[in-house]
Amino acid sequence: MSPVLEMRSISKAFTAVKALDQVDFDCRAGEVHVICGENGAGKSTLMKVLGGSYRPDEGEIRLDGAPVRFQHPREARAAGISIVHQELSLLPFRSVAENIFTGMEPTRWGLLDRRQMDERARALLQRLGSSIPTGAQVADLSIAEQQLVEIAKAMLLDAKVLVMDEPTAALDDRDAHALLRLISRMKAEGVAIIYISHRMPEVMAIADRITVLKDGRLVWTRDRQDATVNAIVTAMVGRELQDFYPARAATEPGQSVLQIRGAGNRHLRDIDMVARAGEIVGIAGLEDSGKGALAQALFGDQPFTQGEVEIGGKPVVLHSPRQAIAAGVGYLPGDRKREGIVPRQSVRDNALLTLQAMAAVLSLPNAGVRSVAEADRNLRTMDVRAGDFGQEIATLSGGNQQKAIIARWLMQNPDLFVFVEPTRGIDVAAKAAIYETMRALANEGRAIVMISSDLPEIVGVSDRILVMHQGRIAGELPGGAEEGAVMQLALGVTGNAAEREMV
Amino acid sequence: MSVNATPVAMTRRGFRDVPVPVVVIALAALIYVTAAIVTGQANQISAAGLTGLLQRTVALGLVGLGQTFAILVGSIDLSVAALISTVAVLASYLMQGDPSMIVPAIAACVALSLGVGAINGVLVAYWGINPLIATLSTGLILQGLLSASFTFLSGSVAPSFQALAYQNLLGVPLPVLLLAVFALAAWFVLAKTRFGAHLYAAGGNPDGAKLAGLRVQRLVLGAHVIASFAACVAGLYLAARLQSGTPWIGRDGIYDLESIAIVVIGGTLLSGGKGGVLGTIAGVLLFASLDASFNMFGVDAFLKQVLRGAIVIAAVSVYAVRNRGHVA
Amino acid sequence: MTVLLNAVRPTRRRTAWLSVNLALVIFVVLYGVIAILQPNYLDAALFMNFLRRAAPLIILACGQLFVILSGGFDLSMGAVVTLVVLAASMLIGGDPDMTWTVIAILYAMGLAVGLANGLIVSFLKVPSIIATLGTMLLVNGLALAWSGGAPRGDLPDNFRNLGRLVLKDVPLVGSLPIAVVILVVVTLLAWWGLHATAYGKRLLAVGDNPRAAELAGVPVKPTRISAFVVSALSAVTAGILIGGFSGVSVNAGRGLELQAIAACVIGGAQLLGGRGTIVGALFGALSLFALFTLLNLLGLPQALRDSLQGLILIAAVGVTVLRYRRST
């Protein structure tokens, strides 16, 4: 059977980064083709090319054998390509029915036919096994319900090709099962389904074929029978995995640098933890487990409202980032672009920013030659590759930007470092360098708290692992623990859910 | 991966379930009645007094209706004040008191304002220029050309055109009916047509709207054309009302800022995607009753301006203060 | 409200210099044309006089630049100038002994307006373009209400000398207006504050990415508030000079805020923050003033100034957006 969709040698580059490099992909009617890959492997970019959001630099897309070129998502939609997006594309203040029908509103005598919208929306949601009221405002729904609305929206069209980008990520077990059943039904109806996921049980359950992408390249495409979970994971992660992470500390950790007792706030409860000099404490957990909130609380960004925090043995109040900095906390934010760099300032000024932020207001900006020299030295220590430290930081690659921000904190010499998703979206070489820096900082006697969603990273880098679940610390594991064990704690170890999630 | 729900939506309960426009209208009534009673002018609470009150809402209400479209789609229009002046001056200049020129003059004004709206839309939607700056600039250009060309009052509208602003139909002043018709039309478009639904989509989540296949740029352009057209109608009304336009009529009426204020007071989100016509009408009623109350209390004209500035800031901040991020 | 311009893509540091040079080139060309029309503009005395008249605009541009770099706008500057001129005439009442006390009071007023702007933007989260439009109305209204719309009182000579006295027979330069001395002092102060202190770096960071600045420890709100204070204080300074050589008028400050913004933009400052220099603002203001002078010499109506500024704003922002588009 010839494929409904063929994508040949698709390439797409963003400024310096090649997001897709000569990727081939196809999908047949009535099959589920799963795409696997790590974050940044190019899955979403490939689907955005397919959906008309991005135009490929090279390559060809054929639909039913005929070449197509989408200039706008509406053209892809019209051609029968329907996408459930990973970032929700919903309108928060409009009703469920209005959202499902965005751009496809039925009319009667030129007027919106709201009754028809409501009826068809209700029917669609019923097919998904959901009874969300069609008149509800989307902002009032839970994330899972919003996800279902998004799916219903994509199903409204009689799609030839249906793309689902991690559709179960926010769904609970029951909703996820309903969705998987629905997918089998649509498959039987002859729809070509592209499914992106990294939940292995799910992948093995529904896939007919599996494609693995890594760093923008196609690793392989295989029939499900010919693929094992191990093979997929190996292909996703690549070979360098073993020697990727620096050796753990040889010596026992020293004095406790950070001590938290009974702390909490709106998102966190009963937090008790210690981080000692010389160790890297990894914090793992699912998306809304509270691990992000813990990082923000440690840095005074979303302060604790109860409990006690001691740094270096002294009780401290962390009500603002400034107070946290003064107390000896350094912070590498998770979203480099939005929270890390000041893009139009020079690399050097970025590295000097915290020094300047904490200096007397009218003191000379670079406190003279000395601190410029120190900044440059730190930037060199971090091996920031820039033609000139006077150049705007936005011109650097993500990895170099991240290193420059670490250099910013080296100027402060903090006792406690909070790293949030330190290697998200940066290339492999820079990753290794950042891990080494973290280890070196720990070896110099600092305490490091690393919040990460990247399980291999958590397991490979941390000396101890704290796993969060529903705003609490659910348990502690030693460094190098099995990823499965971390996942179990993260899921709250409750029957089915855990099994479904387990790798 | 979540739709930004404002705290309002998540925590609303009880009293907060009352729609914003209703609260605003109640507030407007309270202010007006209190002022009338306190100043011993209870006669203001009569059919005649209320008609006078409604009459005050016409110009600002018309501009506000147009501004509602611009704001709903996630843009804003600061050029309305200059456009009002231009239209008012152009109408009286072209008519020169001659009734036969009424239609051509109106046509010219409409054509001009559609052009201005299209330019605003192109700058904002296609060139990607920040709407505040783009429309501020087009306003400046218009104002400059206008005051350079007409330094003194030139001509007046035709008497029969002027009469339109003073006539009554079934005891209701014609301009009030005009506003009502436009408000109804605007409500109809926003609530009952696909175009309206698409405007909400483009304002509420431009990326999502694009992914759903909408041509967001065209929608923004359309909203700007509507905003300019509404300003044109307001300018024509003012020309009729005052017999002739002056180059400062829009600026002195602060129609740019006040139209934004009434839209926001009515519960329309300044970032777009939520709100509607009813809120804007409620907002203009509130402003009119405040204005009427100042008059009843005999507030000095300049002091009135001070109060207006303070009220605009207060009104916008009521909605903006919950904003969690930084605003510049 | 999202008033964010598309994150504008970095070009090398070169562009900052390029824009400064561009403003300088524009100024030299414009002044050259003026000199061709009126050769005596090349006399040192006339050039000094030109600088004297341009001084208020340059000072305003320097102040405005602080706010622009912080990511906002200050539209209340012109109103502050009007307030200063009217307040000075009424408070001094022609009594030369009062001059210095009154000047201190004027700066206190400026401080109050700047603080109000900054607090409204930082804490009430009202976008600065709306907040300062509001304070513009408020301050203008206050000034007019206070003076009753018709300014009374005279400015004594020792006050007016700040703006109009010219020292003769000064070594090197020949004649030297006091206003130029003040201009040099203010520009140097502004340059020092912006380019030679930690404060300047914070300001740039806040305008560039407030969230990142906050997480790097920058006190975002105080920094932003101080920018509005600097802007208001510079407006007071400009107002004192304007009162000095133009005398008392209720329109003393009208439109100056937009001239100041346009000057910054010509000087290469990026609207909505993150990039710009005092040298750029200086030459931007000089270019704009030279342009106005030229328009006068050519006999074009003053009102076209507004239109020109509108065009300049659109062009400047359009160029930035285009540059961004091309680089992606």
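Me: Among contacts in chain C between residues at least 6 apart in sequence, what percentage join residues at least 24 apart?
Reply: The model is a predicted one. The count takes contacts in chain C between residues at least 6 apart in sequence. Of these, the share joining residues at least 24 apart is 79%.

Me: What radius of gyration does chain C have, and what would a compact globule have?
Reply: The C-alpha trace of chain C spans about 60 × 45 × 35 Å along its principal axes. A compact globule of 328 residues would have a radius of gyration near 20 Å, and chain C agrees with this, having 19 Å.

Me: What percentage of the residues of chain C count as buried?
Reply: Chain C is built with 13 helices and 2 strands. A residue is buried if 20 or more other C-beta atoms lie within 10 Å of its own. Of the 328 residues of chain C, the share that counts as buried is 59%.

Me: How far apart are the end C-alpha atoms of helix 7 of chain C?
Reply: Helix 7 of chain C covers residues 178-195, which is 18 residues. At 1.5 Å a residue, helix 7 should span 26 Å. The distance between its end C-alpha atoms agrees with that, at 25 Å.

Me: Which residues of helix 7 of chain C are buried, and what arc do they cover?
Reply: The buried residues are C:Ala179, C:Val180, C:Ile182, C:Leu183, C:Val186, C:Thr187, C:Ala190 and C:Leu194. They lie on the same side of helix 7 of chain C, because around the axis they cover an arc of only 155°.

Me: Which residues are exposed on the other side of helix 7 of chain C?
Reply: The buried residues of helix 7 of chain C are covered by elements including helix 2 (44-69), helix 10 (220-246) and helix 12 (278-297) of chain C. On the other side of helix 7, the exposed residues are C:Val185 and C:Leu188.

Me: How do the residues of the side of chain B that touches chain C divide by class?
Reply: Here 40 residues of chain B are in contact with 50 residues of chain C. Helix 6 (131-149), helix 13 (255-265) and helix 15 (301-320) of chain B each supply at least two residues of that side of chain B. The residues of this side divide into 25 nonpolar, 13 polar and 2 charged.

Me: Which classes of residue make up the side of chain B that touches chain A?
Reply: This contact takes 24 residues from chain B and 28 residues from chain A. On the chain B side, helix 9 (194-204) and helix 10 (206-211) each supply at least two residues. By class, that side has 11 nonpolar, 8 polar and 5 charged residues.

How values were computed
Residues numbered from 1 in each chain as written. Chains lettered and ligands numbered in written order. Predicted model: local features only at pLDDT ≥ 70, side-chain atom pairs only at ≥ 80, totals over all residues. Contact = placed C-beta atoms within 7 Å. Helix = DSSP H or I, 4+ residues; strand = E, 2+ residues; numbered from the N terminus. Nonpolar A, V, L, I, M, F, W, Y, C, P; charged D, E, K, R; others polar. Expected span 1.5 Å × (residues − 1). Buried ≥ 20, exposed ≤ 12 C-beta atoms within 10 Å, placed from the backbone. Arc of directions from axis to C-beta. Rg over C-alpha atoms; globule rule 2.2 N^0.38 Å.
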